[in-house]
Amino acid sequence: MKVTQTLMTASVVALVAGGALAEDMTIVSWGGAYSSSQQNAYHDPYMAANPDVNIINDESSAEAVAKLRAMNEAGNVTWDVVDVVAADAMRLCDEGLAMEIDADTQLAPAPDGTLASEDFGELLVSECFIPQIVYSTTFGYRTDMVGDTPPTSVCAIFDTDAYPGRRSLEKRPINNMEWALLCDGVAKADVYDVLETEEGQAQAFAKLDTIKEDVIWWSAGADTPQLLADGEVVMGSTYNGRLFALIEEQKQPVGMLWDAQVFDLDGWIIPAGLSDERKARALDYIYFATDTQRLADQAKYISYGPARASSAPLVGMHAELGIDMAPHMPTDPENAKNTFLYNYEWWADYRDDLDAKFQAWLSQ
Amino acid sequence: MSALPPYATTPQRVWYYSFRVICGLIFFFLIAPIVVIIPLSFNAEDFFTFTPEMLAFDPEGYSLKHYQDFFSNSDWQNALYNSVRIAPLATLLSVSFGTLAAIGLSQDHVPFRRAIMAILISPMIVPLIISAAGMYFFYSRIGLQGTYIGVVLAHAALGIPFVIITVTATLVGFDRSLTRAAANMGANPVTTFFKVQMPLILPGVISGGLFAFITSFDEVVVVLFVGSSGQKTLPWQMFTGLREQISPTILAVATILVGISILLLATVELLRRRSERLRGMSPT
Amino acid sequence: MSDATDTGPVLAADGTPLKRSLNRALRREKLRALMLIAPLLLFVLVTFIAPIADMLFRSVENNIVEDTLPRTVVALESWDRMTGEPPDEAVFAALAEDLVIAVETKTHTRLGSRLNYEMTGISSLFRKSGRSVKRWDLATDGPFREKFIELDEDWADVGMWAMIQIYSSRYTSGYFLNSVDLQLSPDGIAAREEDQRIYITLFKRTIFMSLTIMFSCVLLGYPIAWLLANLSAKASNMLLILVLLPFWTSLLVRTSAWKVLLQQQGVINDVLVWVGLVDDGNRLIMINNQFGTIVAMTHILLPFMILPLYSVMQTIPPTYLRAAKSLGATNWTAFWRVYFPQSVPGIGAGCILVFILSIGYYITPELVGGTKGVFISNRIAYHISSSLNWGLGAALGTILLAAVLLLYWAYDKIVGIDNVKLG
């Protein structure tokens, strides 16, 4: 009897405590070093300024499009602000799942008064999207597992003779298909034209087939750094900021392979269909988190370039390590000798098709 | 497999000992994975394997930092808080509904008993992913997806079969003449239930409750689909951790959970023995 | 008075016929039992059975085409796909009208995604066309047939139109066909393209791996159960704790343990390298493949094999073995001919239980299975949370559910669900 009574009391207490929480704002992001940089640069100062708001972190950005679609169909959107890559933002905007935001009236101008639309410039690739950072998807390799010849070309990923061992690639067609074609002799300018044809897709899959047995497929940005740290893979693709954290903060024996890095944008969207109150709160957060100083602050914690032109001069030293961040930015001339441009329009059109084929290919 | 008789032949001796070795190895397979994480959770490094310092029993190689991380990290603390406020309520729901129904089911004449039993047991039989998917769609429609109540209801449904099974099992050995005697002496049904029936089936009720509790406390598939980040439970946090940001804090949490399961296991064992003794079924 | 009692029915104390009185008592008892059960039954029906039924319904539901393109669907009814000619202007005009509305409400991309499940390429066609159609004026810009074909020549593709026509009904068997690598095509039911066939392989793999896990459990569980059943009560109670501890330990804990053990830089590989069995450069790959899944799941499900085996073996009198031996049987014959047949019900119960649990497993394969060691459940989860092909996910789920219920029915026949014991 006593146990039942205790259980009952505990449950009643739990119920009351559960009802008392209010003003939660769910911010969805990618987790790992990236989320902690946002926590430091945006969330903590925002909550300090707005004590009535409690930010809840959700690490579901990888499935953001799917989950938002599901929430929307069910008519129950539980997210307030979502961090997504530009391509996902365009898709969400296309489908009416993200709210349109007017940069000039709803975002902070630069300190010198320049309008936000001008400050972000051509990085505003969609009406629903407020860019935060420029990042790149690139490769890291274990310096102690590649002998005396560290890889200098992205094609090392397909060269299992020179670099035996497992490698990690993202569990989706984007980037992998392009790299496969590049390393199969397709010129950089022709990649998307080739990929549009059945033969081109077959060619890319055939190239990927040659390493299929050696690949660990990742779906979260933290996977490759962990796999590299554990020595489970010899090299793997991930976001450059993750590799920076692995190399400079955790001092792991890992090197950067900047060749054929793919530039991309990452930023915020606000889901469509929020109540006015939640929408106002989300907009207030966005206004705060994307101003010039905040974007520059984030670069103190992670090596991604701020999306505002006006933030660039404010980027300085790493907050804890005290090293100059500029040479670690993907846009540094030394790193950007050979970059690959990601075609948003093309992927917006072909993503569904290639996803289906890629998943089928994976499970065969 | 009583002791080896003195007249055993050599092959019999060989077989006797090798069989014990084989069984020992299988027990090792069962237990070692659980035991191995305990020392690893005290690793001073962020690795998942034994460092040379640990193998040399150098105190430098050990630390409590992963436990500190668990108790100071807000993600883990939120997850703990959510687990603690979901599981008890779900348990309470399944125990109260389940006990009543089990008493109903143990009557002599229950129409459609088989069909009812099949429905009540089904949450245990249907693969979790299917339950999760179904609840995801259905709870979305009625506005329960992503809510605390939604997760509690879902977990209560999953715990019910365990309560039904354990309580009906205790009722099988229940001497019905006791309730009749009580009625005979003028007790009303409610008094009979609380004064006579309940104390005797209580061990079954509690162990059913513990099963329901561990089902909810340990459940990850359904909460992944039915919950949202506001209901992120410990197993969910562990699942994300294992998939995304693998940190040895998981091993510290795992060690704590192993401690909890040992406690629960001991309680259930004690209850089982007590119940057998009460009903005079124990041979000892 | 006495005459009446002699010929009439037996009466109860209050004067009603005993039969009726008994019947009434019985009815009252039944009602009372039902009243006790009703709250829970209702609870389970609402929180559990209704969701499952809802999911089953999704596997055949197909409203999206008619809801998004209502006019086109009607206009398309009269089109005969056998002519080999794309539909006429009326259909295209209806399509233009539907698409303008769909683009405004932004539903055309969802329809594109839905049709893309059946025919790769439709999604991009709808996206692309949506962008241009937005700028059209319905009143003045006709005729639309040429305009659409000019926009993208796929609009002249008879196969594409046939797909829309086939899938314009409100209910479809398409998802079920897809889940066995078939599809509804203009020429009836056909096999899917080779590079998209995956489900038969996945079902086979799920069954194969579950069987492997089941056999490993029998192999490892039988000796343990035998040992437990033949030791003194005290010793077997002690050892039983070693079986029950993993049973009570969190699934996530056990899965993380296996992750730690099986990694290339994990404990097992470290030990093997240290012993010298394995070269440091050639560490064994034991995780993110089928091996990892099978080992981890055998460990997780082993208690479910041992416990039913043990409870059956406890009832086999040890004297039978001794009798067989005293009659001249060798150890092996005595075991195989006398003991083993009596333990078969336990094996049956354990096998069905382990098999039921393993074919529906999700968490462990997801964490240690990589791409080759995953089950059909992982695919269901993928369709529900990533690809959003809910219909296909529901159809796969329905097939899996049917398989499990069949096994459950067998279990009930053999063991009886009332005999399930816990701990």
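This is a predicted model: local features need pLDDT of at least 70, side-chain atom pairs count only at pLDDT 80 or more; totals for chains, interfaces and linings use all residues.
Which domains does the domain assignment of chain A give?

## Domains of chain A

The domain assignment divides chain A into domain 1, made of residues 23-134 + 266-328, and domain 2, made of residues 137-263 + 334-363. Between the C-alpha centres of domain 1 of chain A and domain 2 of chain A the distance is 26 Å. In the contact of these two domains, domain 1 of chain A takes part with 19 residues and domain 2 of chain A with 16 residues.

On the side of domain 1 of chain A that touches domain 2 of chain A, the elements giving two or more residues are helix H2 (32-49) and helix H4 (86-94) of chain A. H4(A) supplies the largest share of that side, four residues. Sorted by class, the residues on this side of domain 1 of chain A are 14 nonpolar, four polar and one charged.

## Contact of chain B with chain C

Chain B and chain C are in contact through 80 residues of chain B and 74 residues of chain C. Several helices of chain B give two or more residues to the side that touches chain C, among them helix H4 (74-105), helix H7 (148-172), helix H9 (189-218) and helix H12 (249-278) of chain B. Helix H1 (10-40) of chain B also belongs to this group, and H1(B) gives the most to that side, with 13 residues.

By class, the side of chain B that touches chain C holds 65 nonpolar, twelve polar and three charged residues.

## Domains and annotated regions of chain C

For chain C the domain assignment gives domain 1 (2-58), domain 2 (64-196) and domain 3 (199-419). The C-alpha centres of domain 1 of chain C and domain 3 of chain C are 42 Å apart.

An unreviewed UniProt entry places the feature "domain: ABC transmembrane type-1" at residues 203-411 of chain C. Over this span of chain C, the chain is 79% helix and 0% strand, with its end C-alpha atoms 21 Å apart. The UniProt annotation "transmembrane region", likewise from an unreviewed entry, covers residues 33-53, 207-229, 235-253, 291-310, 344-363 and 388-411 of chain C. Of these, residues 235-253 of chain C are 89% helix and 0% strand, and their end C-alpha atoms lie 27 Å apart. Residues 388-411 of chain C are 92% helix and 0% strand, with 34 Å between the end C-alpha atoms.

## Helices H5 and H7 of chain C

Two packed helices are described by the angle between their axes and the distance between the axes. The axes of helix H5 (residues 89-104) and helix H7 (residues 122-133) of chain C come within 9 Å and cross at roughly 90°. H5(C) and H7(C) are therefore roughly perpendicular to each other.

From H5(C), the contact is made by Ala96(C), Leu99(C), Val100(C) and Val103(C), and from H7(C) by Ser129(C), Gly130(C) and Val133(C). This contact of H5(C) with H7(C) has five nonpolar, two polar and no charged residues.

## Helix H17 of chain C and its partners

Helix H17 (residues 331-359) of chain C meets helix H16 (residues 319-326) of chain C with axes that come within 9 Å and cross at roughly 135°. H16(C) and H17(C) are therefore oblique to each other, and their crossing is right-handed. H16(C) contributes Tyr320(C), Leu321(C), Ala324(C) and Lys325(C) to the contact, while H17(C) contributes Ala334(C), Val338(C) and Tyr339(C). By class, the contact of H16(C) with H17(C) has six nonpolar, no polar and one charged residues.

The axis of H17(C) also comes within 10 Å of that of helix H20 (residues 390-414) of chain C, and the two cross at roughly 165°. H17(C) and H20(C) are therefore roughly antiparallel to each other, and the crossing is left-handed. On the H17(C) side, Gly348(C), Ala349(C), Ile352(C), Phe355(C), Ile356(C) and Ile359(C) take part. These meet Leu400(C), Ala403(C), Val404(C), Leu407(C), Tyr408(C), Ala410(C), Tyr411(C) and Ile414(C) of H20(C). The residues of the contact of H17(C) with H20(C) are 13 nonpolar, one polar and no charged.

Key: Residues are numbered from 1 along each chain as its sequence is written. Chains are lettered from A and ligands numbered from 1 in the order in which they are written. UniProt positions are given in the numbering used here, feature names are shortened, and annotations may be inferred rather than shown by experiment. Axes are lines fitted to C-alpha atoms, for helices over the stretch in contact, and angles run from 0 to 180 degrees between N-to-C directions. Angles under 35 degrees count as roughly parallel, over 145 as roughly antiparallel, 65 to 115 as roughly perpendicular and the rest as oblique. A crossing is left-handed if the near helix is turned anticlockwise from the far one by less than a right angle, and right-handed if clockwise. Two residues are in contact if their C-beta atoms, placed from the backbone, lie within 7 Å. Ala, Val, Leu, Ile, Met, Phe, Trp, Tyr, Cys and Pro count as nonpolar, Asp, Glu, Lys and Arg as charged, and the others, Gly among them, as polar. Domain bounds come from an automatic or database domain assignment.
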